[in-house]
Amino acid sequence: MKSQAVMLLKRFKRVLKKRLGKQSATKDAFINVDFALVNGRGNSTTLVLLGWMKKTNLKPDELRVFNQNSLLTSHVFSYSRDDVAAQFSLQQQTDVCGFIVYAKAPELNLVQIKLVLGDRELVLASHRYQQTNTPAQLVRHVSSEQSAAVRFLAEHDINVDDIATAGASLPKRPLSKHAEKVKVLVANMQVNQSNWVKTCQQEILPKLQDVWKQHLQQAKSRIVRYGESPGRPKVSVIIPLYGRYDFMRYQLSAFAADTAMQNVELIYVLDDPELEHEVAVTAHGLAKTFPQPFSVVFMDTNVGFGSANNHGAAYAQGELLLLLNSDIIPRSAGWLDVLCKQYESTSDAGVLGATLLYEDESIQHCGMVFTQEPNAPGITLNHHPHKGVPLALVSLPSLRKSLLTTGACMLMRRELFEQVGGFDRHYVIGDFEDSDLCLSVAALGYQNYVSGVVTLFHLERLSQRLVSDDNWKQKLSFANACYQQQKWGAQLADLEQKFNQGWESEHA
């Protein structure tokens, strides 16, 4: 009996060890979604999600999809993601994979979608992702396994007819020598380590900012005017260009047809000197095609989003500045007039943003908030509430207070922009200059707003494909987030608390 009891005890220990080992492994699971595609056909709606998972001791097909807590029948295509494995310093690269998950149901709501892997779950509504209606946009991110991904989608009646053209893009833009140094400095950042924020702020950021400071000090610009701009413009619109200079044509065709744009100074900033000849030729032709006068500021080197806006603003004559992305397309005429009237209707306005939409009428931006991001523990990132939700399902007030608004569309007084020093030049290349500017304005006692009645299309980040495909830009974004956190410190939490408690502007 004693020997039997010993045997049973040993067996119990083996089973317990096996179960505990599996449990601890699944706790290490992680899910990330980059793109979501929803396609409604009659009484059936299909959902396609693309992302990656850290799946220690789990299989890709163990990823489950829930809609309103109901488990959906789903199919998973997995592919290699060596870059993610390297990010987590995993020796077993099979512990990480990219995925495309397909699910189908009579009715789907992205707000109710939840993914579960092991004991880790991801609620899509609280996660940052991009909504698309183009299957080819998903397949582009599958790298060398695109053909297999296309076959997987075809098996589920999703055709990628435009994959050949969608995969083609303009050549990758070469980096300046200083940008190359920046790339090298961020390459070894290990954001999965517990002390990475402190290491970044103390060791990496000073070097990054010193390199970028040298770069910006050497940058020069010149302005060329096409047509006769208004002598006393009410608004100066600053629009940086990078790569996709063809956006000028679409914007100018809309602006020229809008009588409200007649007393507007329009300034494009070419932040891509390799395209100087092409833009000069295009601008000459557009000036003959459209009656809308405009100017182009030609930079002799790429300076990034914030500094490009600063250079453009230095030439501006308007009382108000509208900082606008080149991929913003108006939905209707008169939008800028409405935005200006809303700005002037309040005596305490600092920055006023607009509601930005994807081409399928879902929300891209209606204000920003700070959030903790599991991809980069220890720092605060910018989050867009309601992102991907159809505009018709969200009730937006005509004018809403918001501590933060995106730099894709910012209206403010030129005097105030100059008072805060424009966009902070310590942010390297791009990211977080917009939230930083909003914080600077709020710290002076002004209130920031977002318009719910001015809605514009935003073809988000289409120029980003012109940058190299590795993950250094994401790491640089995290480094910029570290700087924002370092710069504002406890004041960031104080401003958030004041806003959440319904603070009153000091300038009302």
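Leu-117 is buried, with a relative accessible area of 0%, where buried means under 20% relative accessible area, exposed over 50% and partly exposed in between (1.4 Å probe, protein chains only). This is a predicted model, in which local features need pLDDT of at least 70, side-chain atom pairs count only at pLDDT 80 or more, and totals for chains, interfaces and linings use all residues. Residues are numbered from 1 along each chain as its sequence is written, and side-chain values use heavy atoms, with hydrogens and water left out.

**Confidence**

pLDDT is the predictor's confidence in each residue, from 0 to 100. Its mean over the protein chain is 84, and 85% of the residues reach 70 or more. Over residues 15-26 pLDDT stays under 50, and the model has seven contacts there beyond four places in sequence; contact means heavy atoms within 4.5 Å. Over residues 463-469 pLDDT also stays under 50, with 20 contacts beyond four places in sequence.

Leu-117 belongs to strand S7. Helices (H or I, at least four residues) and strands (E, at least two) are DSSP runs, numbered from the N terminus. With neighbours within four places in sequence left aside, the contacts of Leu-117 include Ala-29, Phe-30, Ile-31, Met-53 and Leu-63. Asp-61 is 56 residues from Leu-117 in sequence, and the two C-alpha atoms are 9.3 Å apart.

Strand S7 is part of an open sheet of four strands in the order S4-S3-S7-S8, with antiparallel pairing. Strand S4 (70-72) and strand S8 (120-123) are the edge strands, each pairing on one side only. From one strand to the next the twist averages 30 degrees; axes are lines fitted to C-alpha atoms, for helices over the stretch in contact, and angles run from 0 to 180 degrees between N-to-C directions. Two strands pair if DSSP finds at least two bridges between them. Strand S3 (residues 64-67) and strand S7 (residues 113-117) run antiparallel and are joined by four bridges. In this pairing Asn-67 stands opposite Ile-113.

All six residues of strand S13 (residues 294-299) are buried. Phe-294, Val-296 and Phe-298 point one way from S13, while Ser-295, Val-297 and Met-299 point the other way. In a regular strand the side chains alternate between the two faces of the sheet.

| Partner of S13 | Sense | Bridges | Residue and its partner in S13 |
|---|---|---|---|
| S10 (residues 221-226) | antiparallel | six | Val-224 and Val-296 |

S12, helix H9 (residues 276-289) and S13 make a right-handed β-α-β unit. A crossover is right-handed if, with the strands pointing away from the viewer, the path from the first strand over the helix to the second runs clockwise.

In helix H8 (residues 247-256) the buried residues are Phe-247, Met-248, Gln-251, Leu-252 and Phe-255. Seen down the axis of H8, they fall within an arc of 120 degrees, so they line one face of the helix; the arc is that of the directions from the helix axis to the C-beta atoms. An α-helix has 3.6 residues a turn, so residues three or four places apart point the same way.

Helix H10 (residues 305-314) is largely enclosed by the rest of the structure, because seven of its ten residues are buried. The buried residues are Gly-306, Ser-307, Ala-308, Asn-309, Asn-310, Gly-312 and Ala-313. Their cover includes helix H7 (196-218), strand S11 (235-241), S12, strand S14 (320-324), helix H12 (414-419) and helix H13 (433-443).

Asp-434 lies in helix H13 and is buried, with a relative accessible area of 12%. Beyond four places in sequence, Asp-434 is in contact with Met-368, Asn-382, Thr-405, Thr-406, Gly-407, Met-410 and Phe-423.

**Positive phi in two loops**

Asp-157 has a phi near 65 degrees, a positive value in a residue other than glycine. Asp-157 sits in the loop between helix H4 (146-155) and helix H5 (163-166), and is exposed at 53% relative accessible area. His-386 likewise has a positive phi, near 70 degrees. The loop that holds His-386 runs between strand S19 (380-383) and strand S20 (399-401), and His-386 counts as partly exposed at 39% relative accessibility.
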